Amino acid sequence: MEQESLRIVFDKWCKKLRLVPGWDVKLEFVTDPNWLKTGDFKIDCDDKTAILMLNIASPKQENLEGVIVHELMHLKLYPLDQVTESLITSNFTEGTAAYEFAYTQFFTTLEQTVAELAKCFLLEFGDNKTISYGRCSAQKSFNELYKGLKSID
């Protein structure tokens with residue numbers, strides 16, 4: 001997808017998710033082929049400004065509209081993210097098993113929730129409804145994961 005087309009998609013989703021006019025959100029393209037992520041955000045909550053960084057040099061996902069929706073969902077849920085992270089950091093000592101458990105569980109669940117919401121919105125309102133299997137394709141198959149395990153018989 002061309003940069004101008006991606007900007008149009010970005011603007012559409014900022015409006016669809018009601019992020020604007022409450023937030024000032026900008027799209028920046030990352031052209032560094034060594035950047036490992038497909039999308040990421042820089043956020044200033046106090047000023048309600050955010051920059052969505054989109055990797056157009058070597059994206060790991062196939063559907064960039066889906067990446068845009070996913071990242072904007074993170075912004076939509078950012079206040080909840082910050083409250084929950086603050087609760088974890090104020091109630092658990094960093095480096096303890098309890099802290100690591102709470103922190104890992106929260107961010108895993110947050111990422112799964114954002115991914116699911118993004119898919120739902122994409123399937124309902126997206127121009128490109130294709131679910132991206134980019135990360136999944138790099139995973140080991142079931143047989144590869146369990147190859148060599150001893151039978152429990």
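Student: Let's start with Ser141: how does it count by relative accessibility, buried, partly exposed or exposed?
Tutor: Ser141 counts as partly exposed, because its relative accessibility is 34%, and the class in between runs from the 20% limit for buried to the 50% limit for exposed. Keep in mind that we're looking at a predicted model.

Student: Okay, and where is Ser141 found?
Tutor: In a loop. Helix α5 (134-137) is on one side of that loop and helix α6 (142-146) on the other.

Student: How far is the Ser141 C-alpha from that of Val20?
Tutor: The two C-alpha atoms are 42 Å apart, and along the chain Ser141 and Val20 are separated by 121 residues.

Student: Switching to the fold, how many helices and strands does the protein have?
Tutor: Six helices and three strands. In sequence order the pattern reads α-β-β-β-α-α-α-α-α.

Student: What do the strands form, and in which order?
Tutor: An open sheet, ordered β1-β3-β2, with mixed pairing. The edges are β1 (24-30) and β2 (39-44), each of which pairs on one side only. On average, neighbouring strands in this sheet are turned by 20° against each other, ignoring direction.

Student: And how many bridges join β1 to β3?
Tutor: Seven, and the two strands run parallel, with β3 covering residues 49-55.

Student: Now the whole protein. What does the C-alpha trace span along its principal axes?
Tutor: About 60 × 40 × 30 Å.

Student: How much of the protein is buried?
Tutor: Buried residues make up 32% of the 153 residues. As for the accessible surface, the total comes to about 10200 Å², and carbon and sulfur atoms hold 54% of that.

Student: What share of the contacts with a separation of 6 or more comes from residues 24 or more positions apart?
Tutor: Those residues account for 63% of such contacts in the protein.

Student: Last one, charges: how many positive and negative, and how far apart are their mean positions?
Tutor: There are 17 positive and 23 negative charges, and their mean positions lie 4 Å apart.

Conventions. Residues numbered from 1 in each chain as written. Predicted model: local features only at pLDDT ≥ 70, side-chain atom pairs only at ≥ 80, totals over all residues. Heavy atoms only, no water. Pairing = 2+ DSSP bridges. Helix = DSSP H or I, 4+ residues; strand = E, 2+ residues; numbered from the N terminus. Axes fitted to C-alpha atoms, helices over the stretch in contact; angles between N-to-C directions. Buried < 20%, exposed > 50% of the residue type's maximum accessible area, 1.4 Å probe, protein only. Contact = heavy atoms within 4.5 Å. Areas by Shrake-Rupley, 256 points an atom, 1.4 Å probe, with all protein chains shown as cover. Lys, Arg positive; Asp, Glu negative; His and termini not counted. Charge placed at Lys NZ, Arg CZ, Asp CG, Glu CD.
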